[in-house]
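Student: I would like to go through the labels attached to this model and ask what stands behind each one.

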Amino acid sequence: MAAAAALVALAAVGAGSLLDLRTPTPKSADAPADAFSAGRAYQDVQVIAARSHVAGSPANEQVRAHLEQKLRGLGLETEVQDTVAREAGQLSGAAAGATLAQVRNVVARLPGTDSTGRVFLVAHYDSVQTGPGGNDDAAGTSTILEVARALSTGPRPRNDIVFVLTDAEEACLCGASAFAASHPLAADGGVVLNLEARGSTGPVIMFETSRNNAKLVDIFGRAAPHPVGTSFAVEIYRALPNDTDFTAFLDQKFVGLNSAYIDGGAIYHTPLDTPAAMDRGSLQQHGDNALGLAREFGGTDLTDLRSGHDATYFPVPGGLVRYPGSLTLPLALLAVVAVAALGWLTRRSGRASTGRLAAGFALALVPIVAAPVAAQLLWLAITTIRPGYAELLDPYRPIWYRLAVLALATAILLTWYALTRRRIGPAALAVGGLAWLALLGVLLAVAVPGGAYLTTLPALAGALGGLVALRTRQTGPWPVVAVTAAAAVGVVILLPTVVLLFPALGMAMGGVAALVAVLLGLVALPVVDLLHPQAGGQRGLLALRARRLAVLPAGAAAVAAVVLAGVGLGVDRFDADHPAPTHLMYAMDAGTGQARWLSHESDPQPWTDGYVDGVTTVDDFPGLGDAELRGGPAPVANLPAPKVEVLSDTRSGDERLVRVRVVPQRPVRLLTLHVNGPTAVTSATVNGRQFDVGRTGTQKPWGFGVVFHAPPAEGVEIALTLHSADGDPVALRAMDASDGLDALPGFRPRPPAVGVVGSHSSEMLAVARTYPL
Ligand SMILES: [Zn+2]
């Protein structure tokens, strides 16, 4: 009875934790004026994401006009910041050189009554070329419009609120970088709330902060109605090669928070990222949080939001736990001491010998290693059966595979337990498991402090629960209550982590979720053991039967893993609504009259295979930023290369100043110019703006380059100072790129179940030409 009650209690705690991650019910369009309504915001989503609207395109101009009209309609001071800007992060483009864009940010201000600083609500309104951006980032953009509406109907806030709808995020984060670096309203910095979507559903996660975030996180926990965020996510995100507009604000002047929903990643950057794909519960959560935070930051004294430390924080039902990062290491060490004390008391109470404790510690490493390895092997098997998954961030219907990974981790843990329990004993195994969690806590505290709570707190709780259970043994329900309460701490902390890790990392890294799941299982071992058929201490034949019984759950979990993986393969088939993504582009040299199909796919799928054969070098297309791709011959299209007009060419000593204008001869999204590799470039100016050229003259055959997104039709003027001996041949390689392969000779449209990879080069049509100087 006690065992059943304990398990029910644990299950209830788990259910509560998961329910807490659910998105709120979307409010309809007739919700009160001071509230955020996903119904109202969604009307803007439909306008913004009616079609693909990449930076510089006529479609993006229409979106911009809509944004201006909406913000002006609210009576806000609204303007367009139209400028050339350089990329903030290191996303793409030339190995040496610069990536820039012509950007047009829409900026509106709600003036504060007695401003102590500025609050910036930031989202990008441009989309990728491959899709309409129904979520990415019509979600953030429409949220900001609706928040602006709600704020301007109520009493004026104390601080200035600035709505920043950026351009060219997808290209190079250039809009945000232009705003942060050169807009007058950004001159004094402030608090940035960036809103993103990298999928179509799931809770909105506050996944990135500026450094020394304790005060910001405290406000987030207080003022966001649905605060989902963990200091662990911040650490993961810093380790991933991803960037958002927020990167452009991460300097001395700004502090802030970055939020996104990320589940349903299969549609990310693809034609399927439509308004219809959006989960309006996620939109509602974005809006509720953004409005709550805007009101709170709008009324707070913003002069001192930077505190000397980072906080550790994580979601629990009903709120956000937070404590100073300075406690991380002391708590981790305390957990080690507590587990050591538990081990000592376990030995003294006669529950386990020193040898068994040592064996328990050594053996507990087995499931910790085996579960993630098995999860990765499972995914390897699944992708061997369905290679199309390689090009997806996550499967369309990942739930079956996620459950299969959890079943697999359970099977491994239970099998391990059934094999070791009789020899080593439940007490030694439980202590051994907690010891690993405590040690991991110390490692994390040193290397990834924001993630240390994940193992430190469950280990600490487990050790304390165990100590209480040992001290009060054989006295009523207290031992069971103690170990159950301790396991509940593990469930509250680790179960949401498992659930959030799956969409964050995708199935390709499902092993990480399996690892956390096994750690959760180790924490819950004392409770699971209460149900063990041998827990009653049977002997003889009964014990033998009990041992056989104990293997049953492990077997059932193993069968479940196989069945779930099979169901996943059966249910998540590629079809017209869930196409297998393929990557193809076209590159033509207008000088040599040669053209190629190119693909990023490492193992081309049947449709792509009709265009490309082996691996080919693409160093004659430096503007693509790739060294090698799959390639195949393509018919030559009647397309003009960009023109390079030499405006002036002067020499003094071994310095040569060349001024050129690069003019696209057709509507293009991208324009690039590269100088041949051995030529050293010592300074460069683009449209009158000089920039640091970095290290040049090493790459072959093309070195220093300029990548310019959304170029104006009249072209881009580039001045270069070259260092070369008189007579050295200097050549320029100009390339431009547009989107869409449909009109090309030899292109056969995709069958219904074949889709487009969400990538910045998917469906790109590049034309290049070399110009000797
Ligand atoms: Zn995007």
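Tutor: This is a predicted model. We can start with Glu170, which is buried, with a relative accessible area of 7%.

Student: Why is Glu170 called buried?

Tutor: Buried means under 20% relative accessible area. Glu170 has 7%, so the label applies. His269 has a relative accessible area of 6% and is therefore buried by this cut-off.

Student: What makes Glu170 and His269 donors of the zinc ion?

Tutor: Donors are N, O and S atoms within 2.8 Å of the metal. The protein donors are Asp136 (OD), Glu170 (OE), Glu170 (OE) and His269 (NE2), and they lie 1.9 to 2.6 Å from the zinc ion. These distances fall within the limit, so the atoms count.

Student: What spacing do the donors of the zinc ion follow along the chain?

Tutor: The spacing is D-x33-E-x98-H. Glu170 lies in helix α5 (residues 169–172) and His269 in the loop between β7 and α10, so the pair ties together parts that are 99 residues apart in sequence.

Student: How do you know that the peptide bond from Asp136 to Asp137 is cis or trans?

Tutor: Its omega is near 5 degrees, and the bond is cis. Asp137 is in the loop between β3 (118–124) and α4 (138–153). Most peptide bonds are trans.

Student: What stands out in the phi of Ala710?

Tutor: Ala710 has a positive phi of about 50 degrees although it is not a glycine. Most residues other than glycine have a negative phi. Ala710 lies in the loop between β20 and β21 (716–723), and its relative accessible area of 6% makes it buried.

Student: What about the phi of Glu763?

Tutor: Phi of Glu763 is near 65 degrees, a positive value in a residue other than glycine. Glu763 lies in the loop between β23 (754–756) and β24 (764–772). At 10% relative accessibility, Glu763 counts as buried.

Student: How many aromatic pairs does the structure hold?

Tutor: The structure holds 19 aromatic pairs.

Student: Why is the pair of Phe207 and Tyr237 called edge-to-face?

Tutor: Rings pair if their centres lie within 6.5 Å, and planes over 60 degrees apart count as edge-to-face. For Phe207 and Tyr237 the centres are 4.7 Å apart and the planes are at 70 degrees, so both conditions hold. Phe207 is in strand β6 (residues 201–209) and Tyr237 in helix α8 (residues 231–239), 30 residues apart.

Student: Why does the pair of Trp607 and Tyr611 count as tilted?

Tutor: Their ring centres are 5.0 Å apart and their planes at 55 degrees. Stacked needs under 30 degrees and edge-to-face over 60, so the pair is tilted. Both Trp607 and Tyr611 are buried.

Student: What makes the lining of the largest cavity nonpolar, polar or charged by class?

Tutor: The lining has seven nonpolar, four polar and no charged residues. Leu193, Val204 and Phe220 are among the lining residues, and Leu, Val and Phe count as nonpolar. Helix α10 gives the most to this lining, with four residues.

Definitions and conventions: Residues numbered from 1 in each chain as written. Predicted model: local features only at pLDDT ≥ 70, side-chain atom pairs only at ≥ 80, totals over all residues. Heavy atoms only, no water. 1 Å grid on protein atoms, 1.4 Å probe; cavity = no way out; pocket = protein on both sides within 12 Å on 5 of 7 lines; lining within 4 Å. Helix = DSSP H or I, 4+ residues; strand = E, 2+ residues; numbered from the N terminus. Donors = N, O, S within 2.8 Å, 3.2 Å for Na, K, Ca; no water. Buried < 20%, exposed > 50% of the residue type's maximum accessible area, 1.4 Å probe, protein only. Phe/Tyr/Trp six-rings, centres within 6.5 Å; stacked < 30°, edge-to-face > 60°.
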